[in-house]
Amino acid sequence: MFVLAHLSDLHLASLPRISNLVGKRGLGFVNWQRKRKFIHRRDVLDAITHDLSAQAPDHIAVTGDLVNLSLPAEYTQAKQWLQTLGDPSDVTIVPGNHDAYVGTAARSPAAFWGDYMRGDDGIERFPFIRRRGNVALIALSTAVPTGPFMATGRLGQRQLASFANALEQTRGNFRVVLIHHPPKSPPRRFLRRLTDAASFRGVLAEGGAELVLHGHDHRRSFTWLQGPEGGKIPVVGVPSASARARHGDEDRAGYHLFRIDRAGDAWRCEMIARERAVDGTIRE
Ligand SMILES: [Fe+2]
């Protein structure tokens, strides 16, 4: 039995300097001050983290948007939080759009969190593979800087080709694909979609995977994608780990546990959703 925990979208924020507030960061800061700071709260994240640690999972996956405006102080804060979560070999990160919010921050996730974003071969690039028992984690990056009012992500041709190879290399393992953006978005989220999602789904339809985990939507979701030979691939989205309450179609804070086991010729995977109740306690 292998227990994998999944959480996402902490949006750890810090106060920017005035000089930081040009362009997209300025707009993001206004949005944060008006709305988001009342939703994403550090005390909520700490309660979730505490509950998760008590579950003692074998491994933890964090699917992006650890920070808010890609400010240096935010990366440092996120790194300190990561250190409380576990050793870099037990925690795997993929970055989200807020982790590369502006072009000048594109390299910052690797600079601050590189140890959590490296494969077993020690090389720093996406996709990377981490094997833990008979589970293979395949980590992708969709984090690309975008213009104002955009929150799209992109994998790109090079990464998609390597992803196909990674699925092939890890065949026979329980393959868990980690990605920030969901592989399918409704039309109303056009400006927040994964732009090459169709190609991503095409690679999965050919290569197959046992589970796809994503964040970005701040809501619990469960869908299926087409796999090879008529098979289906489960896709699970997790709420933000710091959301104080429901907000529009976003869920309050929660995280997921996946209990993965081999049963004869087949895999068995049980999902447990834990969330923050109205009274502030974290429960199943
Ligand atoms: Fe996101």
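Trainee: Leaving aside its neighbours within four places in sequence, with which residues is glutamine 159 in contact?

Mentor: Please keep in mind throughout that this is a predicted model. Glutamine 159 belongs to helix H5, which covers residues 157–169. Once neighbours within four places in sequence are set aside, the residues in contact with glutamine 159 are Phe126, Pro127, Leu140 and Ser141.

Trainee: Is glutamine 159 buried or exposed?

Mentor: A residue counts as buried when its relative accessible area is under 20%. The relative accessible area of glutamine 159 is 5%, so this residue of the model falls into the class called buried.

Trainee: Which backbone oxygen lies 3.1 Å from a polar atom of the side chain of glutamine 159?

Mentor: A polar contact requires a pair of N or O atoms within 3.5 Å. At 3.1 Å from a polar atom of the glutamine 159 side chain, the backbone oxygen in question is that of leucine 155.

Trainee: Are H5 and H6 roughly parallel or roughly antiparallel?

Mentor: The axes of H5 and helix H6 (residues 197–207) come within 10 Å of one another and cross at roughly 20°. Angles under 35 degrees count as roughly parallel. The relation of H5 to H6 is therefore classed as roughly parallel.

Trainee: Is the crossing of H2 and H3 left-handed or right-handed?

Mentor: The axes of helix H2 (residues 42–55) and helix H3 (residues 72–85) come within 11 Å and cross at roughly 25°, which means that H2 is roughly parallel to H3. H2 contributes Arg42, Leu45, Thr49 and Leu52 to the contact, and H3 contributes Gln77, Trp81, Thr84 and Leu85. These residues divide into four nonpolar, three polar and one charged. As for the hand of the crossing of H2 and H3, it is right-handed.

Trainee: What is the phi of alanine 56?

Mentor: Alanine 56 lies in the loop between H2 and strand S2 (59–62), and with a relative accessible area of 57% this alanine is exposed. Most residues other than glycine have a negative phi. Alanine 56 instead has a positive value, near 45°.

Trainee: Histidine 216 also has a positive phi although it is not a glycine, so what is its relative accessibility?

Mentor: Histidine 216 is found in the loop between strand S7 (211–214) and S8, and its phi is about 75°. Histidine 216 counts as buried because its relative accessibility is 7%.

Trainee: How far apart in space are the C-alpha atoms of tryptophan 224 and valine 235?

Mentor: Tryptophan 224 lies in strand S8 (residues 221–226), and at 48% relative accessibility it is partly exposed. Leaving aside neighbours within four places in sequence, tryptophan 224 is in contact with Lys232, Ile233 and Pro234. Although tryptophan 224 and valine 235 are eleven residues apart in sequence, their C-alpha atoms are separated by 5.6 Å.

Trainee: What is the relative accessible area of threonine 92?

Mentor: Threonine 92 belongs to strand S3 (residues 91–93). Not counting residues up to four places away in sequence, threonine 92 touches residues including His59, Ile60, Tyr116, Phe128 and Leu178. Threonine 92 is classed as buried, and its relative accessible area is 1%.

Notes. Residues numbered from 1 in each chain as written. Predicted model: local features only at pLDDT ≥ 70, side-chain atom pairs only at ≥ 80, totals over all residues. Heavy atoms only, no water. Helix = DSSP H or I, 4+ residues; strand = E, 2+ residues; numbered from the N terminus. Buried < 20%, exposed > 50% of the residue type's maximum accessible area, 1.4 Å probe, protein only. Polar contact = N/O pair within 3.5 Å; in protein donor to acceptor, adjacent residues only side chain to side chain. Contact = heavy atoms within 4.5 Å. Axes fitted to C-alpha atoms, helices over the stretch in contact; angles between N-to-C directions. Parallel < 35°, antiparallel > 145°, perpendicular 65-115°, else oblique. Left-handed = near helix turned anticlockwise from the far one by under 90°. Nonpolar A, V, L, I, M, F, W, Y, C, P; charged D, E, K, R; others polar.
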